[in-house]
Amino acid sequence: MANQEMFDKLRDAIVNQNIAGIAELCKKALAAGIPAIDIITKGLSVGMKIVGDKFEAAEVFLPQIMMSGKAMSNAMEVLTPELEKNKKEGEEAGLAITFVAEGDIHDIGHRLVSTMLGANGFTILDLGVDVLNETVVEEAAKHKGQKVILVGSALMTTSMLGQKDLMNMLKEENLRDSVKCMFGGAPVSQKWVDEIEADATAENAAEAAKVALEIMK
């Protein structure tokens with residue numbers, strides 16, 4: 001099977017919520033010599049973007065998102081050990097505080113971003129889903145003086161708006177200059193990131209890891 005055909009199958013497994021079959025697909029891809037990072041970026045992440053776009057357009061709803069998220073989790077159980085084997089050694093990239101915005105309970109992309117950041121040398125503090133801005137600010141304050149990046153995710157426009165409030169709270173608490181801020185998710189654009197004066201956004205988890213490393217230099 002050509003790699004692209006396998007990537008298409010992996011993409012479709014996410015879109016079609018193939019919870020039962022996706023782990024086996026990932027094992028087949030690994031056995032065919034496809035690197036775990038390619039399985040994620042060229043297959044699974046493509047499917048996740050489609051699901052996110054469909055959700056934003058109200059073509060799918062929360063139950064489907066949760067099922068696609070479960071399929072993603074099953075895939076990552078197979079792939080995470082492979083990513084760990086290839087983890088970059090050397091200087092720690094910093095502390096990544098990852099979270100899903102208040103009012104948002106999806107974690108379809110959030111966990112993948114956390115995994116990719118970890119594989120690229122970041123220490124991960126995962127605050128989970130539906131996280132209050134106050135909690136994020138508290139954690140940023142606890143780690144002031146360290147190399148810290150806040151990595152927030154939102155799948156819904158309504159929860160994305162809270163990112164602006166978070167940026168303002170960081171400024172009020174004199175924490176803005178001590179952290180980098182990166183946001184992602186279907187509704188998040190570069191224009192939005194510029195408007196709220198955050199540092200970066202990324203299209204997918206692999207890009208998020210690259211961008212995070214770049215802005216933490």
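Start with the whole chain in view: the centres of domain 1 and domain 2, taken over C-alpha atoms, are separated by 23 Å. The model is a predicted one. To see the division, colour residues 3-85 as domain 1 and residues 94-216 as domain 2. Where the two domains touch, domain 1 supplies 21 residues to the contact and domain 2 supplies 17 residues.

**Stop 1: helix 4 and helix 5**

Select residues 62-85, which form helix 4, and residues 110-119, which form helix 5. The axes of helix 4 and helix 5 come within 10 Å and cross at roughly 10°. Angles under 35 degrees count as roughly parallel, and helix 4 and helix 5 are therefore roughly parallel to each other.

Now show the side chains where these helices meet. On helix 4, pick Gly69, Met72, Ser73, Met76, Thr80 and Leu83. On helix 5, their counterparts are Arg111, Leu112, Thr115, Met116 and Ala119. Sorted by type, the residues of this contact are 6 nonpolar, 4 polar and 1 charged.

**Stop 2: the largest nonpolar core**

Next, select Leu10, Leu44 and Ile149, the residues with the most contacts inside the largest nonpolar core, which has 50 residues. Several elements give two or more residues to this core: helix 1 (3-15), helix 2 (22-31), helix 3 (36-56), helix 4, helix 5, strand 3 (148-153) and helix 10. Helix 4 gives the largest share, 8 residues. Where does this core lie relative to domain 1 and domain 2? Both domains give residues to the core, so it lies between them.

Zoom in on Leu10. Leaving aside residues up to four places away in sequence, Leu10 touches Leu25, Cys26, Ala29, Ile39, Gly43 and Leu44.

Another core, of 25 residues, lies apart from the largest one. To find this other core, select some of its members, including Val136, Leu166, Met167 and Trp192.

**Stop 3: Leu213**

Finish at Leu213, which sits in helix 10 (residues 205-215). Is Leu213 buried, partly exposed or exposed? Its relative accessibility is 26%, so Leu213 counts as partly exposed; the partly exposed class runs between the buried limit of 20% and the exposed limit of 50%.

Show the surroundings of Leu213 as well. Not counting residues up to four places away in sequence, Leu213 touches Ala93, Asn120 and Phe122.

Terms used
Residues are numbered from 1 along each chain as its sequence is written. This is a predicted model: local features need pLDDT of at least 70, side-chain atom pairs count only at pLDDT 80 or more; totals for chains, interfaces and linings use all residues. Side-chain values use heavy atoms; hydrogens and water are left out. Axes are lines fitted to C-alpha atoms, for helices over the stretch in contact, and angles run from 0 to 180 degrees between N-to-C directions. Helices (H or I, at least four residues) and strands (E, at least two) are DSSP runs, numbered from the N terminus. Angles under 35 degrees count as roughly parallel, over 145 as roughly antiparallel, 65 to 115 as roughly perpendicular and the rest as oblique. Contact means heavy atoms within 4.5 Å. Ala, Val, Leu, Ile, Met, Phe, Trp, Tyr, Cys and Pro count as nonpolar, Asp, Glu, Lys and Arg as charged, and the others, Gly among them, as polar. Buried means under 20% relative accessible area, exposed over 50%, partly exposed in between (1.4 Å probe, protein chains only). A nonpolar core is a set of buried Ala, Val, Leu, Ile, Met, Phe, Trp, Tyr and Cys residues joined through side-chain atoms within 4.5 Å. Domain bounds come from an automatic or database domain assignment.
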